[in-house]
Amino acid sequence: MTDATQSDTAFRPKPSLPPPANTVGAVGWLRKNLFGGPVDTILTVVSLYLVYLIVQFAIEYGIINAIWSADTYRECLDINRGEGACWAGIGVWFNSMMYGRYPDEEQWRVNLGGIILLLWLIPFWLPKITGKIQIGMSAVLTFPFLGAALFLGGEFGIFLHVMASVALTLFAAVWLHVATTYVFGRSLAELLVSATGFAGKDDRLHKYVLLGAFGVGFVLSLVYLGSWDLVEIPTTIWGGLFLTLVISGIGIASALPNGILLALGRRSKMPVIRVFCTAFIELFRSVPLITILFMAVTMMPLFLPVELNPPKLAMVIVAVCIFAAAYMAETVRGGLQAVNKGQYEAAQAMGLNFWKMMALIVMPQALKLMIPNIVGSFMGLMKDTTLVSIIGLYDILLMGKAAGQNPNWLGFHTEPLLFTAMFFFVLCFAMSKYSQHLERTIGGGYGRR
Amino acid sequence: MSIDTQALDDVVHVASAISDVVVIELAGVNKWYGEFHVLKDINLSVNKGERIVICGPSGSGKSTMIRCINRLEEHQAGDIIVNGTEMGNNLKNIDAIRRDVGMVFQQFNLFPHLTVLENCTLAPIWVKNMPKAEAEKIAMQYLERVKIPEQAQKYPGQLSGGQQQRVAIARSLCMSPTIMLFDEPTSALDPEMISEVLDVMVGLAESGMTMLVVTHEMGFAKRVADRVIFMDQGEIVEQNTPDEFFTNPKSDRTKLFLSQILAH
């Protein structure tokens with residue numbers, strides 16, 4: 001074969017051409033999405049008009065006619081005849097809607113608790129930090145005790161004292177870890193091991209160093225917490241957004257681990273465990289939350305010894321946790337079923353035992369698939385906690401309602417509801433956005449095929 | 001299957017190194033799926049270093065049989081002894097056997113949420129408690145052996161089918177198994193990628209690994225197998241050396257099967 005014929009028969013791909021001009025850019029987008037045909041054009045115009053009406057009303061009601069300072073609802077009505085919002089009232093009631101009847105001079109404790117939790121979770125988003133799972137676990141498992149000690153005050157019992165000390169020690173360890181990582185470029189554990197001269201020794205000895213350091217921290221925390229002298233604030237006067245976050249926070253934090261255990265139990269081969277988990281899930285999923293709340297608050301104390309007499313809030317939290325776990329279990333089960341059977345087999349064939357297979361292979365894949373549903377459940381749970389207002393806990397919703405019953409603020413109902421709605425929107429929208437971010441970033445291997 | 005019998009005759013057989021130590025012993029193994037009798041009285045003994053190719057029509061129980069060897073399937077009657085350990089309901093024995101027996105699947109079954117390197121180091125780290133650095137060193141050696149060290153940091157979803165299957169082989173080898181099971185390792189691959197996987201398997205055979213391979217790649221059987229086993233309806237119908245098996249099949253069922261897969 002000569003060179004000439006070879007170049008004639010060799011495969012040469014055609015060059016790629018640009019797309020037609022009217023299908024790209026802003027004009028292309030408008031044509032395609034808004035003015036695709038007569039029906040599209042009419043719908044676009046009508047929708048734009050509706051949007052205009054809504055926005056115009058919102059601006060008039062919320063800004064132009066709104067009253068920003070007044071002492072009573074009457075003053076607002078005298079000025080704008082109800083055609084605008086009375087935001088002045090929100091200013092007056094803000095404190096109550098945030099903290100309920102928690103005394104003004106003690107509210108720093110609530111703020112401090114919130115700040116500690118935020119600080120605890122910040123390392124989660126710092127790129128260099130190692131051991132993020134442990135940090136998250138420590139926060140979820142022990143912060144509630146530190147929070148309880150701080151918010152309740154008074155003479156806390158030995159159990160709370162110990163657990164709060166553990167929490168404080170872990171919190172200090174997390175931030176020491178962050179500091180050593182950024183200052184020395186080494187983790188806290190490494191630094192402790194090398195500082196005590198165990199670096200060259202057997203790996204198994206290292207954990208004794210860490211345990212020792214934890215012990216020292218624990219004793220210090222124990223003494224420090226013993227020196228606290230906080231006024232006791234009973235849970236009955238907790239309220240507002242603070243109470244909403246306490247209930248939904250504990251509910252959300254407990255829902256996933258409990259849900260995972262229940263889902264695994266329901267798929268177990270052991271009949272007793274399977275039947276128990278299935279019955280538990282089906283029972284609590286089929287009953288309205290409000291019924292469970294009423295049961296918890298009115299019925300349960302009848303079965304418990306008088307001297308125990310748990311506060312209403314504790315019963316409500318237990319009820320919410322049970323309800324959330326039952327719902328989450330079904331979400332998790334769905335995720336587990338979506339993981340290919342071959343993944344289980346590959347893990348087993350390599351000799352991984354059940355818990356390692358679940359923790360390392362199955363759960364990471366299932367959780368990634370479940371993120372939208374899990375966050376959906378969390379959002380639902382957060383909004384469902386407003387039901388506690390029906391059994392007389394002054395959460396943010398009931399506190400807002402109470403505002404309208406004050407003699408000076410009779411009829412002041414719309415604005416607290418709008419304000420509450422805004423809070424829930426901000427919290428839930430943030431969760432939703434964060435879940436979308438997680439979906440994109442976790443386990444990068446999926447998306448990039 | 002584009003191999004004719006003539007082409008098979010030209011294949012040079014890989015030297016075998018069979019010792020007389022029996023590493024797998026199946027005695028009177030029976031298994032049912034509900035009412036369906038899927039394995040009927042299977043007797044098989046495999047020596048160390050032996051390479052066995054198992055073929056047969058679909059539904060003949062060949063996959064089920066090798067999956068019983070590492071207990072991915074439970075047998076209901078008979079004995080299975082692997083490396084002197086009896087397979088029973090004892091979880092310790094099962095774990096010990098699984099540590100010694102590697103398996104490669106038709107669908108690769110790589111872990112999609114882990115990189116190639118993490119796929120390879122997971123079992124050594126979590127099952128054998130090997131330090132991470134050592135596990136990574138060993139993993140890189142095996143990835144080089146299957147000729148894809150440069151893909152170590154990628155995720156399985158970014159690799160071609162043939163590359164994924166080679167990673168799966170490397171992943172099994174990282175546990176330094178003494179026996180390797182292959183369950184139709186090339187059946188899910190595009191034709192262009194089959195040979196790269198078979199090459200790796202031939203290399204493994206040359207190194208003296210005990211191998212049980214369920215496959216329809218008759219060229220591979222001819223080249224590597226010490227024994228070919230033909231199964232149908234849950235029974236071992238015939239077993240023989242590849243030469244005898246292909247040129248002089250004894251039962252009619254085997255003849256029919258061979259004529260079907262070698263005809264075109």
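1. A salt bridge is taken here as a side-chain nitrogen of Lys or Arg within 4 Å of a carboxyl oxygen of Asp or Glu. The model is a predicted one. Under that criterion B:Glu184 and B:Lys62 form a salt bridge, their closest N and O atoms being 3.9 Å apart. B:Glu184 belongs to the loop between β7 and α7 of chain B and B:Lys62 to helix α2 (residues 62-69), so the pair ties together parts that are 122 residues apart in sequence. B:Glu184 and B:Lys62 are both buried.

2. A second pair in chain B joins B:Glu50 and B:Arg227, whose side chains meet in a salt bridge at 3.0 Å, N to O.

3. Over all chains the structure holds 17 salt bridges. One that lies within chain A pairs A:Glu106 with A:Arg109, with 2.8 Å between the closest N and O atoms. A:Glu106 counts as buried because its relative accessibility is 12%, under the 20% limit for that class. A:Arg109 is likewise buried, with a relative accessible area of 0%.

4. Residues of both chains take part in a network of salt bridges, which links A:Lys341, A:Glu345, B:Lys31, B:Arg67 and B:Glu73. In reviewing the model, this group may be inspected together with the pairs described above.

5. Chain A has 18 helices and zero strands. Its radius of gyration is 29 Å, well over the 22 Å that the globule rule gives for 449 residues, so chain A is more spread out than a compact globule. The C-alpha atoms of chain A fill a box of roughly 100 × 75 × 55 Å along the principal axes. Of the 449 residues in chain A, 39% are buried. Chain A exposes about 25900 Å², and carbon and sulfur atoms supply 70% of this area. Among the contacts in chain A with a separation of 6 or more, 68% are between residues 24 or more positions apart.

6. The domain assignment divides chain A into domain 1 (21-91), domain 2 (104-232) and domain 3 (238-449). The centres of domain 1 and domain 2 of chain A, taken over C-alpha atoms, are separated by 48 Å.

7. A nonpolar surface patch of about 610 Å² is present on chain A, made by A:Ile42, A:Val46, A:Tyr49, A:Leu50, A:Tyr52 and A:Leu53. One of these residues, A:Leu50, lies in helix α3 (residues 38-64) of chain A. A:Leu50 counts as partly exposed because its relative accessibility is 49%.

8. Chain B contains ten helices and ten strands. The radius of gyration of chain B is 18 Å, close to the 18 Å that the globule rule gives for 264 residues, so chain B is as compact as a globular protein of that length. The C-alpha atoms of chain B fill a box of roughly 55 × 45 × 35 Å along the principal axes. Buried residues account for 57% of the 264 residues in chain B. The accessible surface of chain B is about 11100 Å², with 48% belonging to carbon and sulfur atoms. In chain B, residues 24 or more positions apart provide 68% of the contacts with a separation of 6 or more.

9. B:Pro185 lies in the loop between β7 and α7 (191-206) of chain B. B:Pro185 is buried, with a relative accessible area of 1%. Beyond its neighbours within four places in sequence, B:Pro185 is in contact with B:Val104, B:Phe105, B:Gln165, B:Met201, B:Val213 and B:Val214. The C-alpha atoms of B:Pro185 and B:Ile169, which are 16 residues apart along the chain, are separated by 9.4 Å.

10. B:Ser176 has a positive phi, near 40°, although the residue is other than glycine. B:Ser176 is placed in the loop between α6 (161-173) and β7 (179-183), and counts as partly exposed at 44% relative accessibility. B:Gln233 also has a positive phi, near 50°, in a residue other than glycine. B:Gln233 lies in the loop between β9 (227-232) and β10 (235-240), and counts as exposed at 52% relative accessibility.

Key
Residues numbered from 1 in each chain as written. Chains lettered and ligands numbered in written order. Predicted model: local features only at pLDDT ≥ 70, side-chain atom pairs only at ≥ 80, totals over all residues. Heavy atoms only, no water. Patch = residues over 30% accessible without salt bridge, like charges linked within 9 Å, V, L, I, M, F, W, Y side chains within 5 Å. Areas by Shrake-Rupley, 256 points an atom, 1.4 Å probe, with all protein chains shown as cover. Helix = DSSP H or I, 4+ residues; strand = E, 2+ residues; numbered from the N terminus. Buried < 20%, exposed > 50% of the residue type's maximum accessible area, 1.4 Å probe, protein only. Domains from an automatic or database assignment. Rg over C-alpha atoms; globule rule 2.2 N^0.38 Å. Contact = heavy atoms within 4.5 Å.
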